[in-house]
Amino acid sequence: WDKKMEKIRKIFRVCDFIDVSLQIPYGLTLLKNIIHLLRHNLQIHNICFVTPPLNTKLSEDFFGALEKNRSINSLAIESSSLGDVEAKCLAQVVKKNASISKLFLYNNLIGGEGCVALCESLLTNTSITELDLGGNMIDSVGAKGLEALISKNKTIQRLDLKGNPFGPFGGQALAQGLRVNYTLQSLNMYDIKLGKAGGIAIGNIIGSCCNLDSLDLGDNGIGDESIQVLCKNLTFAVCLKELNLKDNKIGPEGGKYIGEMLRHNTYLEHLNLCGNKLGKLGGTAIAKGLIENRALKELELCNNDIKEEAGGDLGGSLTINQSLIYLGLGKNNISDGGVRFGPALECNNSLERLNLGENMLTKEAGVRIIEALSSNTKLKYLDLRSNRFPAGILPPLLKALEVNKHLEHLIFDSNGLTMEDAKSICLAIKDNQTIKQISVHAHYGETSFGMGGCGETEDTRVIW
């Protein structure tokens with residue numbers, strides 16, 4: 001080990017990046033040497049640690065070395081069981097070391113006290129632009145510290161708080177800080193237990209966040225009432241381009257508010273509504289909003305129980321909407337409604353990716369969509385997996401693949417195709433230089449027949 005360590009020292013003396021997972025039994029020995037190098041190597045700019053719990057002596061030495069090193073600009077200490085005590089030590093490092101611009105502390109054990117200490121040290125910090133506190137144990141107490149930080153710090157542009165148990169009161173505190181923040185550009189609040197009260201608080205101030213371009217509110221159970229407030233104020237969020245609202249218990253009423261918002265919003269480009277309960281009414285309302293919307297580029301609606309009529313309405317909206325690039329509608333039981341995607345794909349000039357997987361599409365719907373590929377010149381990715389098409393779907397598919405020169409990826413798993421069908425597909429695309437992959441597993445995720453080996457062509461682009 002001593003000989004190995006000497007070789008490592010020689011490398012570390014000249015390196016400018018360290019990414020180490022320090023595992024027992026040699027992890028602590030290695031850490032001691034890294035501490036030594038931190039005191040002497042002025043070329044290390046980026047450090048990423050995954051360490052076992054630090055004892056008191058090592059903790060003092062480690063943070064002491066970090067405090068004095070002036071070359072590090074990116075520091076990541078992740079999944080390392082850092083608690084409030086270590087967070088307070090790190091707070092002193094941040095307070096005195098002005099070279100660190102990115103600090104990642106994901107998946108530790110930092111609670112309210114540790115968070116408050118870090119926030120207090122960052123109040124006057126002018127170097128850190130990116131802070132990740134995700135996956136810790138920060139509660140409403142820590143949220144008060146973050147409220148002060150967010151309202152006063154003028155440097156942090158990206159803040160990640162996902163997976164902390166802030167709760168509704170914590171969400172309200174964060175909202176108060178955001179009300180007067182003009183610096184944040186990206187904020188991740190995924191799964192921080194906002195609930196309705198926290199969601200309403202964030203909704204009320206979203207229009208004040210004049211520089212925020214990305215907001216993740218996923219998996220917070222905020223519900224329809226919060227969505228109503230949020231949609232009302234999104235009109236004033238002129239910089240917001242990306243919004244994640246997945247898994248938020250949004251029902252048909254919430255879908256109506258979102259549809260109305262889309263009619264007037266000219267800024268939002270990416271919207272994720274996956275895993276809600278929009279249903280038929282919500283889906284139809286969003287379809288109507290898409291007809292008038294000219295800004296949205298990506299819309300994810302998978303697993304929303306939209307069903308036939310609303311699914312058809314969304315397909316029909318694509319005949320008018322010429323700005324959407326991606327539409328995700330997987331797991332929505334669209335069935336006969338899929339027929340309307342055929343005419344839409346024949347005239348749409350913007351859509352590049354479409355997910356209609358696991359929708360129980362009828363044969364008529366499948367054939368209509370596949371036939372549209374013969375004239376469509378924009379679509380690059382099409383997911384039709386697990387629709388259980390009956391016999392007769394292969395001939396139109398082969399014909400479309402022979403003609404289409406724009407499609408790059410086709411996911412057609414779990415649709416009853418056999419190995420012989422896969423060989424026929426290989427022959428159909430033998431002169432097609434655009435296709436990158438066609439997946440026709442008998443069951444999605446299984447590769448019992450392997451890859452390639454497609455008769456005479458041996459076309460490895462076709463996977464069965």
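## Exercises on a predicted chain

The protein chain of this predicted model has 16 helices and 17 strands. Buried residues make up 55% of its 464 residues. Of the contacts in the chain with a separation of 6 or more, 85% come from residues 24 or more positions apart.

### Exercise 1: from strand S3 to strand S4

Task: State which way the residues of strand S3 (residues 74-77) point, and find the sense in which S3 and S4 pair.

Solution.
1. Ser74 and Ala76 point one way from S3, while Leu75 and Ile77 point the other way. All of these residues are buried.
2. The partner of S3 is strand S4 (residues 102-104), and the two strands pair in the parallel sense over three bridges.
3. Within this pairing, Ser74 stands opposite Lys102 of S4.
4. Between S3 and S4 the chain passes through helix H4 (residues 84-96), forming a right-handed β-α-β crossover.

### Exercise 2: the packing of H6 and H7

Task: Describe how helix H6 (residues 140-152) and helix H7 (residues 167-178) pack, and classify the residues in their contact.

Solution.
1. Two packed helices are described by the angle between their axes and by the distance between the axes.
2. For H6 and H7 the angle is about 5° and the axes are 7 Å apart.
3. Angles under 35 degrees count as roughly parallel, and H6 and H7 are therefore roughly parallel to each other.
4. H6 contributes Ser140, Ala143, Lys144, Leu146, Glu147, Ile150 and Ser151 to the contact. H7 contributes Phe169, Gly170, Ala173, Leu174, Gln176, Gly177 and Leu178.
5. By class, the contact of H6 with H7 has seven nonpolar, five polar and two charged residues.

### Exercise 3: the surroundings of Glu67

Task: Decide whether Glu67 is buried, partly exposed or exposed, and list its contacts beyond four places in sequence.

Solution.
1. Glu67 is found in helix H3 (residues 56-68).
2. Buried means under 20% relative accessible area and exposed means over 50%, with partly exposed in between. Glu67 has a relative accessibility of 22%, so Glu67 counts as partly exposed.
3. Leaving aside neighbours within four places in sequence, Glu67 is in contact with Gln92, Val93, Lys96 and Asn97.
4. One of these contacts, Gln92, lies in helix H4. Gln92 has a relative accessible area of 38% and is therefore partly exposed.
5. Gln92 and Glu67 are 25 residues apart in sequence, and their C-alpha atoms are 7.6 Å apart in space.
6. Arg39 is 28 residues from Glu67 along the chain, with 9.4 Å between the C-alpha atoms.

Terms used. Residues numbered from 1 in each chain as written. Predicted model: local features only at pLDDT ≥ 70, side-chain atom pairs only at ≥ 80, totals over all residues. Heavy atoms only, no water. Buried < 20%, exposed > 50% of the residue type's maximum accessible area, 1.4 Å probe, protein only. Helix = DSSP H or I, 4+ residues; strand = E, 2+ residues; numbered from the N terminus. Pairing = 2+ DSSP bridges. Right-handed = clockwise from strand over helix to strand, strands pointing away. Axes fitted to C-alpha atoms, helices over the stretch in contact; angles between N-to-C directions. Parallel < 35°, antiparallel > 145°, perpendicular 65-115°, else oblique. Contact = heavy atoms within 4.5 Å. Nonpolar A, V, L, I, M, F, W, Y, C, P; charged D, E, K, R; others polar.
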